[in-house]
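Reader: I would like to go through the labels used for this model. Tell me what stands behind each one.

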Amino acid sequence: MVTALADLETQSRSSLVAAGGGPARLLVLTVLSHPEARRVGDEAWLAGLAAGEPVALSRLEPAFAPPRGGAAWPLADPALSRRAATLERHPQGVRLRVPADGLKVAVAGAPLVGDRVLQAAELAEGVVLTLGRDVVLLLQDAAPPRERPATLGLVGESEAVQALRGELLRVAGAAVPVLLRGETGTGKELAAAALHRHSPRRARPWVPVSMAALSPSTALSSLFGHVRGAFTGAVADHEGCFAQADTGTLFLDEVGEAPVEVQTMLLRVLETGSFVPLGGRTTRTVDVRLLAATDADLEGMVEAGRFRSALLHRLEGYRLRVPALRERRADIGRLLYTFLREELGHFGEADRLDAPAGQGAWLPGSVAARLALHPWPGNVRELRNAARQLAIASRGQATAQADGIPAERPAAATPAPVSGRRRAGEVETPELIAALEASGWRIGAAARALGLARSSLYMLIDRCPDIRKASEVPAAEVSAAVAAAGGDLEQAAAHLRVSPRGLRLRLGAPAGPGPRDPDQ
């Protein structure tokens, strides 16, 4: 059976090409957490679902395979029921059916019994499914890769990280400066180091420098060197970073922190390949490939007169964006287990991640799901810190202790109200859904954020196929959400993605705040 499923997956990947010649997008299940740590990162591409065939989800199916080749096997966790849940195509996305006496399933941390339609917008972001106690999967829309580039030392197999690898390989051999943009903690230095390792300069010096760590008074000397007597305390000649990186690669992290004087000399060395050390008279010529990184708005700094536009253009010989962790959620499991193995290894406890067959996992599914649902504003750096916290707090424990790790999803800040009234036709579906989620699905708050009248918002909701009303939610799903929320209808409504007021009306509960209440 396993061999047949693996063959089917291979055939499906090779045949699924869109009419325009590009790869068709499919739904894929990725293992984020499993009692057998080696299964983390395994994938099951749901080709049958795209063809209109339902997909069973249980202990025995579907088959999951390592992304870079290997045998395909079912989840095979003895704690999972053989009585399957099913995934079926639906006009708005995918319908998940969970039998009352079968596999235990939670969606985004909320137990589900009955049916739930997973909307297309949810599937694009990725839906976190917890099966039983210890198995956590991500169901996401993605394009099956025709080939996978070399890993380049980067952890993960998501669509976003595959695209990053491809860009790194394309520009590695080009003799141009590269500016890496991305949020803090995304791994820009790791990407830059990979670029150097796969360039013709790989055997030459690699010199990384953080501009934020250089004081303005010593930055020129640190980068370009100085001669003896150039300033008080300069008792000997000093080679700067550019000289140290000659024939190799110089990486300037946080380049937006460069003082204006440094910017002027950076521009000169990029234009001419030469500079004069501080206090010197002799021009020095170097052969250095410059890589730079920033999370700053350099264009805004140019407009404010704090960064030179000519330097920005020179640095951007090639612009490369490093994705945020929330854009590569399928990689969270691999990254988390990589960091946990490192941190637990410091205490001689790395083997805790490898649970014997039939025993519960050291990392409970509830904790793994909570981490998968966190938005990670600090990106990979924040995830590494969370893994360290988890490992230290759980030393000597039979299961991981969740104290101190991030909560699922902190309440999103309500967007600033749009000034003036807008027409309903000006609001697109993604903006509509984002405003509803940010406001906790409260109609009044969402209407104010969007600059709409409440009546206009109700009309948009009625017309939007991606939004369901509380009256349309199956009774079993409502009951499960309310039970999981401990009777808190506000929390249950957020899980169900419906209006709290609508949910109260559906249940015959007091309607709560009136329509003029600011929370509504």
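Reader: Why is Gln263 called buried?

Author: Buried means under 20% relative accessible area, exposed over 50%, and partly exposed in between (1.4 Å probe, protein chains only). Gln263 has 1% relative accessibility, so it counts as buried. This is a predicted model: local features need pLDDT of at least 70, side-chain atom pairs count only at pLDDT 80 or more, and totals for chains, interfaces and linings use all residues. Residues are numbered from 1 along each chain as its sequence is written, and side-chain values use heavy atoms, with hydrogens and water left out.

Reader: Where does Gln263 lie, and what is it in contact with?

Author: Gln263 lies in helix 8, residues 260–272. Helices (H or I, at least four residues) and strands (E, at least two) are DSSP runs, numbered from the N terminus. Contact means heavy atoms within 4.5 Å. With neighbours within four places in sequence left aside, Gln263 is in contact with Ala258, Arg306, Phe307, Arg308 and Leu311. From a polar atom of the Gln263 side chain to the backbone oxygen of Arg306 is 3.2 Å.

Reader: What makes strand 1 largely enclosed?

Author: Eight of its eight residues are buried, so the rest of the structure largely encloses strand 1. Thr30 lies in this strand. At 5% relative accessibility, Thr30 counts as buried. Beyond four places in sequence, Thr30 touches Gly41, Asp42, Glu43, Val136, Leu137, Leu138 and Ala330.

Reader: How do you know that strand 1 pairs with strand 2?

Author: Two strands pair if DSSP finds at least two bridges between them. Strand 1 (residues 26–33) and strand 2 have three bridges, in the antiparallel sense. In strand 2, Glu43 is the bridge partner of Thr30, and Trp45 stands opposite Val28.

Reader: Which strand is joined to strand 1 by seven bridges?

Author: Strand 10, which runs antiparallel to strand 1. There, Gln140 is the bridge partner of Val28.

Reader: What is the strand order of the open sheet, and which are its edge strands?

Author: The order of its six strands is 2-1-10-9-6-7, with antiparallel pairing. Strand 2 (43–45) and strand 7 (110–112) are the edge strands, since each pairs on one side only. On average, neighbouring strands of this sheet are turned by 30° against each other, direction ignored. Strands of a sheet pair through backbone hydrogen bonds, either parallel or antiparallel.

Reader: What makes a set of residues a nonpolar core, and how many residues has the largest one?

Author: A nonpolar core is a set of buried Ala, Val, Leu, Ile, Met, Phe, Trp, Tyr and Cys residues joined through side-chain atoms within 4.5 Å. The largest has 33 residues, and Leu340, Leu363, Leu371 and Leu390 have the most contacts inside it. Strand 10 (135–142), helix 11, helix 12 and helix 13 each supply at least two residues. Helix 11 gives the largest share, seven residues. Leu390 is in contact with Leu340, Leu363 and Leu371, among others.

Terms used. Polar contact = N/O pair within 3.5 Å; in protein donor to acceptor, adjacent residues only side chain to side chain. Axes fitted to C-alpha atoms, helices over the stretch in contact; angles between N-to-C directions.
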